Amino acid sequence: MTDAQQRPLLVAGNWKMHGSRVMVAELLQDILAGLPEKPAFQVAVFPPFVYVPQVAETVADSPIRFGAQTLSEHDAGAYTGEISGAMLVDFNADMVLVGHSERRSLYGESDQQVADKFAAALRHGLKPVLCVGETLAEREAGQTNEVVARQINAVLDKVGIEAFGKGVIAYEPVWAIGTGKTASADQAQAVHAFIRSLLAAKSDTIARLLPILYGGSVKGGNAYDLFSMPDIDGGLIGGASLTGKDFLAICDQAQKVATGA
Ligand code: PEP
């Protein structure tokens, strides 16, 4: 088995601040009805917090996994408006995004806070999906690897390499998120390979088994090329995860790549 075959593809939908009870019910119904009977890839959705219980109930006994879009770095206490890892686990969530670029840029999450959130997720048995990526200005200044390394090293310094055995990384160039501009498969592969080599310097085994997702305007039309790359293990999908048709178009491509069809 090759390393890539040991890392099942993951197609994950980040719904951001979209949805209603009706929309969540319809979207999940569409996805459940349209998934292959035996998906050769993994599927996950990240709803807004308030819809986590509804998602938990709807996807129980299905292949769809779910989690939240962030969590508190604290376990409990006087943190008005925050949601802890224990609360997510209480609703059977098993994953959580940490350090999404919108959390970093709009809510000022620092590398250190993201590292604390990654640690909090692990403390509660949640699989953290660490989002990293450079802005357009940073890419144009030739700083892509430096930025991504800084974001990952902050987490490595906090939790150590072994912890990455329980996590996922999502490389999401900020200039590609929600813009309709996708990194080419080669551009994305180059950064994914860099991320894997960064971790391999600490542990070859952990690096080989770590799923690294690509995010940034993934659609049915570009998913096959991206997911076929040796170090790209699926996608974190924003806009195209909000309709069953668009999300399933990406899932179809994941199934093709995973089965070699
Ligand atoms: C995201 O927000 O994680 C994302 C990748 O969004 P989009 O697919 O819309 O670019």
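**Close-up views of a predicted model**

View 1. Let's start with isoleucine 250, which sits in helix α11, the stretch covering residues 244-259. Everything shown here comes from a predicted model. Is isoleucine 250 buried or exposed? With a relative accessibility of 0%, isoleucine 250 counts as buried. If we skip its neighbours within four places in sequence, the residues in contact with isoleucine 250 are Val11, Val218, Lys219, Gly220, Ala223, Phe227, Ile237 and Ala240. Threonine 135 makes a handy landmark: 115 residues separate isoleucine 250 from threonine 135 in sequence, and their C-alpha atoms are 25 Å apart in space.

**View 2. The barrel of strands.** Here we look at a closed barrel built from 8 strands, in the order β1-β2-β3-β4-β5-β6-β7-β8, with parallel pairing. On average, neighbouring strands of this sheet are turned by 25° against each other, ignoring direction. As a bit of background, strands of a sheet pair through backbone hydrogen bonds, and the pairing can be parallel or antiparallel.

View 3. Zooming in, strand β1 (residues 10-14) runs parallel to strand β2 (residues 42-46), and 5 bridges join them. Which residue of β2 is the bridge partner of glycine 13? That would be valine 45. Helix α2 (residues 52-59) packs on the sheet, where it touches β2 and β3 (64-68). The direction of helix α2 makes about 170° with that of β3.

View 4. How many disulfides does a search of the whole structure find? The count is 0. Cysteine 131 is in no disulfide, and the nearest cysteine sulfur, in cysteine 251, is 18 Å away. As for accessibility, cysteine 131 counts as buried at 1%, and cysteine 251 is buried with a relative accessible area of 1%.

**View 5. The nonpolar cores.** In soluble globular proteins, nonpolar side chains tend to be buried together. The largest nonpolar core in this model has 70 residues, and the members touching the most others are Leu130, Ile152, Phe164, Ile169, Ile195, Leu199 and Phe227. Take leucine 130: beyond its neighbours within four places in sequence, leucine 130 is in contact with residues including Val98, Val114, Phe118, Ile152, Phe164 and Ile169. Another core, of 12 residues, lies apart from the largest one, and among its members are Ala44, Met95, Leu213 and Leu236.

Conventions. Residues numbered from 1 in each chain as written. Predicted model: local features only at pLDDT ≥ 70, side-chain atom pairs only at ≥ 80, totals over all residues. Heavy atoms only, no water. Pairing = 2+ DSSP bridges. Helix = DSSP H or I, 4+ residues; strand = E, 2+ residues; numbered from the N terminus. Axes fitted to C-alpha atoms, helices over the stretch in contact; angles between N-to-C directions. Contact = heavy atoms within 4.5 Å. Disulfide = S-S within 2.5 Å. Buried < 20%, exposed > 50% of the residue type's maximum accessible area, 1.4 Å probe, protein only. Core = buried A, V, L, I, M, F, W, Y, C linked by side-chain atoms within 4.5 Å.
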